[in-house]
Amino acid sequence: MKKLGFLLVFAILMGSAPLKADEGMWLLPLLEKLNIKKMQEMGCKLSAEDIYSINNSSLKDAIVHFGGGCTAEIVSDKGLLFTNHHCGYGSIQALSTVEHDYLKDGYWAMNLKEELPAKGLSVTFVDKFVDVTERLNKAVAKAKDEADYKKRWDKEIAKIKEEAVKADPTLNARVTSFYNDNMYLLITTRTFKDIRFVGAPPSSIGKFGADTDNWMWPRHTGDFSVFRIYADKNNNPAEYSEDNVPYTPKQSLKISLKGVKENDFAMIIGFPGRTTRFMSSEEAKETQNINNAISIYVRGEKQDIWMNDMLADPKVRIQYSSKYAGSSNGWKKWMGMNETFDKLNIVERRAAEEKAFNEWVAADPARVEKYGTAVETINNAIKERAEMAYVYRYISESLSSIELIRAPQRVQRDGGAGFYKDYSASTDRKLAKRMIAIYKEKVDPKYHPAFFAEIDSKFGGSIDAFVDNLFDTSVYTSQEKYSAAAKEAAAAGKNLSGDPVEALRADLHKVSGMVMPKLMASSGIINKAKKAYVAGTLEMMGDNASYPDANSTMRLTYSKVLPYSPKDAVIYDYVTTLDGVMEKEDPDNWEFVVPEKLKELWKAKDFGEYALEDGRMPVCFLCNGDITGGNSGSPVLNDKGELLGLAFDGNWEAMSGDVIFEPSLQRCINVDIRYVLFIIDKFGDAGYLLDEMDIVR
C-alpha cells in the first residue's frame, strides 16, 4: 500500500522559479511561498496575508462559490453581491413568468422588500485550508491489503471532518485531492441558503450577442446580475425566513472607477471548475474525437428543436431558456476546443511531452520502478475503453436528454411542481423522436435498449409512431395527468410502475449496466497510473513550481491587461465600448437587439462618471489571466485588491486552454465594473444600490 510521499510534492512546490505569471490557478495558502514576490514585482501592492488569512479577514472572505458552479463577490457591508448574468440565469428564469418576464425585461428591486427569494440557490464562503496529506498517509501506512487500506482511509477522513466542525456547527468540511491524489487538503466552508434576487439587466444587455458572440472577442455583453445574502439575527446561515436580515460580511470589495490600461496588474480569485493540464495524448484524442464530437453533433440537433419552439411560444422560451443556455455554452466551447486542438497540435504536443517524460524516466532505475509504465498504462486503458466511451456519450447526450424519461424521478421530489413548470410535452415529444433516431443511427445494435425491438415489432419500425404512443399513454406528460393517476394509484394501494416510461427507464438502465462497470474499471486503472505520472512530472520539473488542476476549489491567477493578435495582420484591442454595441445592433436578430433606453443614453452620451477619458462608455476588457468554467462571475482586481470587473468568458482562439495554456493567445474576457454601475444607475434607475458600495473615485 505504497503512497507517493507528500514531501516530494512539497519540495517541488517550494521551488524558486515559478512558471510564467500569466499561467496558473494557484492555491491561496501557498501564495506566500510561491507567488507573492512575483505578483509584487508585477505591481501588486498587497501581501499574501491581505489576500488569504486564517486569523484575520482578507480578500478571500469577500468571494463566494455561487450556486456550486460560478463565483460571486460581496460588494457591500449588507451582503450585496455581483456575479455574471449567465450565473444568475437559472434563478432569474425560475422567477420569471409570461406576465413577469425578468429574463426579457430585466428587474430591479427598489428596496429590500422587493428582493425576490431565489429558491434552491446557495453561496459558500471558504473558511480555511489545512494540509492533511501526511496525516492520511500515516493512517494507511500499515494497511494489510486494499480493503484494509480503504477502511483506514475512510475512517481517518471521517475523523478529520468531525474534528474540523466540532467547535462550529455552521461549518462544513471536506477533504479534497490535489495533484491527482498526491496531496490532500481539508477545506472548511460556510454555506448560506437564503439568497435573494436584487436585479439584472434584460437579456438584450446581459446576454447580448448570445450564441454568436459566446467565447468571442470583441465582446459587448453586460454579463452581470445582483443578489443579496440573508442570515438569521446572529448573522449565521439559515433557511429562508421573512425574519432574516441582510448578511454582514467579514469583508467586502472596494470598487474602482479608475478602469484599466494596457499592462496594468490584474488578479482573479474564484472557483475554476475543471482543467486537465496533465492530459495524455490518448486522452486528448478521446476528448476530441469521442466526447466533444458526439456532444457537438447531438446538442446541435437538440438545440435546433428547442430554439424553434422557444421562438414560436413565449412560455416555451421561458421554460427552456436556462436549459438551452447551459447546453449551448458547452456545445460552442467544444467546437472551439476541437478547432484549436487541430490548429495548435495538442495531441502531438502531448505525445512529445510523454516521449520526453519516458526518456527521463528511463535514465534512472529508481524512476523506472516508480513511473516506468505510467504513460503506457494510461494510453492503453484509454484505447481499450473507446467503444464503451462512445456508447456512453451517446446515451448521455441523446436518450438521457429526453425529459420524459427523467420525469418519474423528478416528480417524486415535489409532486411535479418544479418539473412541470419548465416542461413542454410537445417540445419534448419532438426531441424524443430525433434523439432516438440519432441513437439508432449512430450506435451498434448490440447496445440498443429493448424498446428498439418494440419499435420494429409493434410500430413497423416507426420511431415517430412509438414516441407518439408513449407520450399519449404516459401519465408523466403533464401535471394534471400525473396528479390524477397518483391519486388513483394511492387509493388502490398501487404505484405507477406500470407506466410505459418506467419500462423505457428499465431498458436504458440495462444498457448502462453493460457500459458503466467497464468504464469505471478503466477509470480506476487510469487514476492510479495518472497519480504516478503527475508525481513523476512534478519531480522532472525540478525547481519550476507547479499548480494542481482546477477542481472547483478557490484559486488565484495573476495577469496583465493585454491585447492580442489571433492571426497575421489582426490585432485586437484590450477594451470594447458601447459604440460597438450600436455597431452590432440588428433589430431583426434576437441576439443583437438593443434596448431603446440604452440607445437614448448612448446618443446623449449620458454616461456620468463611468465614461472613459475620451467620453466613450467602456463595456468589456481583456487580461491574460488563467481561468476556466467556474470562474464565471469572479472578481477581477487591481493592484490594491479593488474591483475592476467580472470575469465571464475565454476567447475562441485558445479554447484548448483547459489542456494547455497558450500565453500569446489565451485571454480572459471581463465586463468592466463601470459598465455594471452605469447599467444599474443610468439604465436601471437603481442607483440607490450604489449608496451601500465603497466606490473609489
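**Figure 1. A salt bridge between aspartate 649 and arginine 219.** In this predicted model, aspartate 649 and arginine 219 are joined by a salt bridge whose closest N and O atoms lie 2.4 Å apart. The two residues belong to distant parts of the chain, 430 residues apart, with aspartate 649 in strand E21 (residues 643-650) and arginine 219 in the loop between helix H10 (210-213) and strand E11 (225-231). Both ends of the pair are buried: aspartate 649 has a relative accessible area of 4%, and the corresponding value for arginine 219 is 5%. Across the model, the count of salt bridges comes to 46.

Figure 2. Aspartate 364 meets arginine 367 through their side chains in a salt bridge with an N to O distance of 3.7 Å, and aspartate 364 itself counts as partly exposed at 26% relative accessibility. A salt bridge also brings together the side chains of lysine 370 and glutamate 539, here with 3.6 Å from N to O. This second pair links distant parts of the chain, since lysine 370 lies in helix H14 (residues 365-371) and glutamate 539 in helix H23 (residues 500-541), 169 residues apart. Lysine 370, with a relative accessible area of 38%, is partly exposed, and glutamate 539, with 25%, is partly exposed as well.

**Figure 3. The disulfide between cysteine 70 and cysteine 87.** A search of the whole structure finds 1 disulfide, formed by cysteine 70 and cysteine 87 with their sulfur atoms 2.2 Å apart. The torsion about the S-S bond is about -85 degrees, so this disulfide is left-handed. Because cysteine 70 lies in strand E3 and cysteine 87 in helix H5 (residues 85-95), the pair ties together parts that are 17 residues apart in sequence. Cysteine 70 and cysteine 87 are both buried. Glycine 69 occupies the loop between strand E2 (63-66) and strand E3 (70-74) and, at 42% relative accessibility, counts as partly exposed. The C-alpha atom of glycine 69 is separated by 30 Å from that of lysine 682, which lies 613 residues apart from it along the chain.

**Figure 4. The surroundings of arginine 674.** Arginine 674 is a residue of helix H26 (residues 673-683) and, at 5% relative accessibility, counts as buried. Its side chain makes a polar contact of 2.8 Å with the side chain of aspartate 672. When residues up to four places away in sequence are not counted, arginine 674 touches Leu257, Lys258, Gly259 and Val260, together with Tyr610, Leu612, Met617 and Pro618.

**Figure 5. The buried face of helix H15.** In helix H15 (residues 374-384), the buried residues are Ala374, Val375, Ile378, Asn379, Ala381 and Ile382. Seen down the helix axis, these buried residues fall within an arc of 160 degrees, so they line one face of H15. An α-helix has 3.6 residues a turn, and therefore residues three or four places apart point the same way. The elements that cover the buried residues of H15 include helix H11 (281-312), helix H13 (346-362), H14, helix H16 (386-397) and H23.

**Figure 6. Antiparallel pairing of strand E7 with E2 and E9.** Strand E7 (residues 123-131) runs antiparallel to E2, to which it is joined by 3 bridges, and within this pairing histidine 65 has threonine 124 in E7 as its bridge partner. E7 also pairs with strand E9 (residues 183-192), in the antiparallel sense and over 8 bridges, where valine 126 stands opposite threonine 189 of E9.

Key. Residues numbered from 1 in each chain as written. Predicted model: local features only at pLDDT ≥ 70, side-chain atom pairs only at ≥ 80, totals over all residues. Heavy atoms only, no water. Salt bridge = Lys/Arg side-chain N within 4 Å of Asp/Glu carboxyl O. Helix = DSSP H or I, 4+ residues; strand = E, 2+ residues; numbered from the N terminus. Buried < 20%, exposed > 50% of the residue type's maximum accessible area, 1.4 Å probe, protein only. Polar contact = N/O pair within 3.5 Å; in protein donor to acceptor, adjacent residues only side chain to side chain. Contact = heavy atoms within 4.5 Å. Disulfide = S-S within 2.5 Å. Arc of directions from axis to C-beta. Pairing = 2+ DSSP bridges.
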